[in-house]
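These are my notebook entries on one chain, written while I had its sequence and its model side by side.

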Amino acid sequence: MMPLLMANLGEEYTIKQIGGREKDKTFLATLGFVVDGKITVVNAMAGNLIVNIKDSRVAISKELASKIMI
């Protein structure tokens, strides 16, 4: 397992665990970030990520990305 921040661009990964506060977990779940979900990093800018998840592109901060384990 590794944090989403370390993912290679363009490779598909499976979300293994989501950590952090309950508020953060709920917010990520509403965006589609759930355990066993498929995720692909499209771009990284200054640590922030743009990812494809459930046929949508979502931008997340490096703080949130560090809580998502793949």
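**Entry on charged pairs.** I took a salt bridge to be a side-chain nitrogen of Lys or Arg within 4 Å of a carboxyl oxygen of Asp or Glu. I note at the outset that this is a predicted model, in which local features need pLDDT of at least 70 and side-chain atom pairs count only at pLDDT 80 or more, while totals for chains, interfaces and linings use all residues. Residues are numbered from 1 along each chain as its sequence is written, and side-chain values use heavy atoms, with hydrogens and water left out.

How many salt bridges does this rule give? The count comes to two. I looked up Asp 24 with Lys 67 and found their side chains meeting in a salt bridge at 2.6 Å, N to O. This pair links distant parts of the chain, since Asp 24 sits in helix H1 and Lys 67 in the loop between H2 and strand E6 (68–69), 43 residues apart. For these elements I used DSSP runs numbered from the N terminus, with helices (H or I) of at least four residues and strands (E) of at least two. The side chains of Arg 21 and Asp 24 also meet in a salt bridge, at 3.4 Å from N to O. Salt bridges with shared partners join Arg 21, Asp 24 and Lys 67 into one network.

Asp 24 counts as buried because its relative accessibility is 8%, whereas Lys 67 is partly exposed, with a relative accessible area of 23%.

Helix H1 covers residues 22–31 and holds Asp 24. Counting contact as heavy atoms within 4.5 Å, and not counting residues up to four places away in sequence, I find that Asp 24 touches Leu 64 and Lys 67. Leu 64 is placed in helix H2 (residues 62–65) and is buried, at 14% relative accessible area. With neighbours within four places in sequence left aside, Leu 64 is in contact with Asp 24, Phe 27 and Leu 28. I also noted that Leu 64 and Gly 20, 44 residues apart in sequence, lie 8.4 Å apart in space, C-alpha to C-alpha.

Lys 25 is likewise in helix H1, and I count Lys 25 as partly exposed because its relative accessible area is 31%. Outside the four places on either side in sequence, Lys 25 is in contact with Ile 18, Gly 19 and Gly 20.

**Entry on the nonpolar core.** Here I used sets of buried Ala, Val, Leu, Ile, Met, Phe, Trp, Tyr and Cys residues joined through side-chain atoms within 4.5 Å. Which residues have the most contacts inside the largest core? They are Leu 4, Phe 33, Ile 39, Val 51 and Ile 60, in a core of 18 residues. E3, E4, E5 and H2 are the elements that give two or more residues to this core, and its largest share, three residues, comes from E4. Beyond four places in sequence, the residues that Phe 33 touches include Ile 15, Leu 28, Ile 39, Val 51 and Ile 60.

I treated two strands as paired if DSSP finds at least two bridges between them. Strand E4 (residues 48–53) and strand E5 (residues 56–60) run antiparallel and are joined by five bridges, with Val 51 standing opposite Val 58 in E5.

Most residues other than glycine have a negative phi, so I listed the exceptions. Asp 55, found in the loop between E4 and E5, has a positive phi near 60° and is exposed at 86% relative accessible area. Ala 46, in the loop between strand E3 (38–45) and E4, has a positive phi of about 55° and is exposed at 71%.

**Entry on the record.** In an unreviewed entry, UniProt places the feature "domain: Ferrous iron transporter FeoA-like" at residues 2–70; such positions follow the numbering used here, feature names are shortened, and annotations may be inferred rather than shown by experiment. In the model, that span is 20% helix and 38% strand, and its end C-alpha atoms lie 5 Å apart.

Note on methods: Buried means under 20% relative accessible area, exposed over 50%, partly exposed in between (1.4 Å probe, protein chains only).
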